[in-house]
Amino acid sequence: MKRTTIRPENVHQAALLRLLRDGGRSRAELGDVVDLSRSKLNVELDRLLELGLAEPDGLAASRGGRRSGRVRLARDIRFGGIDIGATSIDVAVTDGELNVLGHLSEPCDIKEGPAVVLDRAIELLGKLSRDGLFTDLSGAGIGVPGPVSFAEGVPVVPPIMPGWDRYPVRETVGQALCCPTVVDNDVNIMALGELHAGVARHVEDFLLVKIGTGIGCGIVVDSKIYRGVSGSAGDIGHIRVDDLGPVCSCGNSGCLEAYFGGAALAREAVAVARSGGSPYLAERLAVAGTLTAEDVAAAAAQGDAGAIGLIRDGGRRVGQVLASLVSFFNPGLVIIAGGVAKLGHVLLAEIRSVVYRRSLPLATGNLPIVLSELGDTAGVIGATRLISDHVYSAN
Ligand SMILES: [Zn+2]
């Protein structure tokens, strides 16, 4: 029998748990950052110890008077993170501070449908449980590669996810794992991962652009995801960059994604290989019969002019869209992430040059544009961050 997830009883306890998620600290240090009298703080902390949500962690170094007792989150708290991509599943188990204790990844086709894919995700978590990493989860977060109604926990008309429209993802996974569960778009959870443990650790307002099979943008305002009225904020892959452009998976033409998603890049690479523009890609195509974004990255690393040209073209179009977004949003940081981001410094240089040239100096004067630091773990860490925000809140 699984135990029920224990939640904080009030907003003070919830705030303390969120502080402790960033690491244990002394009662005196907590007193410095929360708006509570010392006696009230100690009452709430003692209650968290009683509930089993936190535990004592020795004594802090003296600050001149009596040594203050340290408190940390209970060591046995576990969260699950599931990051479902178009072509892969990642799952991870973390402790209460969201340190990854175990991480599994395998190829998976989202088109196989929700029953098969979610079963697979739950089975992978089961394997981590059998490895001894957890018996119960306090909660699980899930990311899927399409638009999500966050309040209902269901995907809504996702273009690359046939069979998933309004499928009860949150309910299905929550019942299988017997814990509170939240579902969000994969780009949003990646942004939360970078906020918790990556390049955005000390940035409150930033954008994360994911360039993978599709293209999307996570928008973080005041350290929280901005989802818009219906959850589609940041769906920049379908911004039109050319009226006469190629047809997109959404049915329109000239979308950014139709130029520079993973599928578009593979298609362009084949065209360049066949036209004789890249000996390297032509050879790869002859051997494998197909080309991927990884082939383009490998060719560019060899100095192949055709591949570098493809990356520059794509980077320029992403840069055009991003320049508008930067003028509109004035972020403190832009992160480039996703499979195509592995194209690396050629892509980054092109995006930077277009954004810095086209946006106003006041918006870009202090704007780093960087690659993701967490790579494949950004999504799973972000998923656990999202569910821990939910569990560590007073309901
Ligand atoms: Zn489109």
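Colleague: How many aromatic pairs does the ring rule find here?

Modeller: The count comes to one aromatic pair, where rings of Phe, Tyr and Trp (its six-membered ring) pair if their centres lie within 6.5 Å. Keep in mind that this is a predicted model, in which local features need pLDDT of at least 70 and side-chain atom pairs count only at pLDDT 80 or more, while totals for chains, interfaces and linings use all residues. Residues are numbered from 1 along each chain as its sequence is written, and side-chain values use heavy atoms, with hydrogens and water left out.

Colleague: Why is the pair said to tie together parts of the chain?

Modeller: Phe-79 lies in strand β4 (residues 78–84) and Tyr-392 in the segment after α14 (378–391), so the linked parts are 313 residues apart in sequence. Helices (H or I, at least four residues) and strands (E, at least two) are DSSP runs, numbered from the N terminus.

Colleague: How do you know whether Phe-79 is buried or exposed?

Modeller: Buried means under 20% relative accessible area, exposed over 50% and partly exposed in between (1.4 Å probe, protein chains only). Phe-79 has 0%, so Phe-79 is buried. Tyr-392, with 1%, is buried too.

Colleague: On to the metal: which atoms coordinate the zinc ion?

Modeller: His-238 (ND1), Cys-248 (SG), Cys-250 (SG) and Cys-255 (SG) do, at 2.0 to 2.4 Å. Donors are N, O and S atoms within 2.8 Å of the metal (3.2 Å for Na, K and Ca), so these four atoms qualify. Along the chain, the donors follow the spacing H-x9-C-x1-C-x4-C.

Colleague: Why is the site of the zinc ion called tetrahedral?

Modeller: The angles among its four donor atoms run from 104 to 123°.

Colleague: How do you know that the radius of gyration agrees with a compact globule?

Modeller: The globule rule, 2.2 Å times the number of residues to the power 0.38, is compared with a radius taken over C-alpha atoms. For 395 residues a compact globule would have a radius near 21 Å, and the chain has 23 Å, which agrees.

Terms used. Four donors count as tetrahedral if all angles lie between 85 and 135 degrees; four count as square planar and six as octahedral if opposite donors are over 155 degrees apart and all others between 65 and 115; anything else is irregular. Rings of Phe, Tyr and Trp (its six-membered ring) pair if their centres lie within 6.5 Å; planes under 30 degrees apart count as stacked, over 60 as edge-to-face and the rest as tilted.
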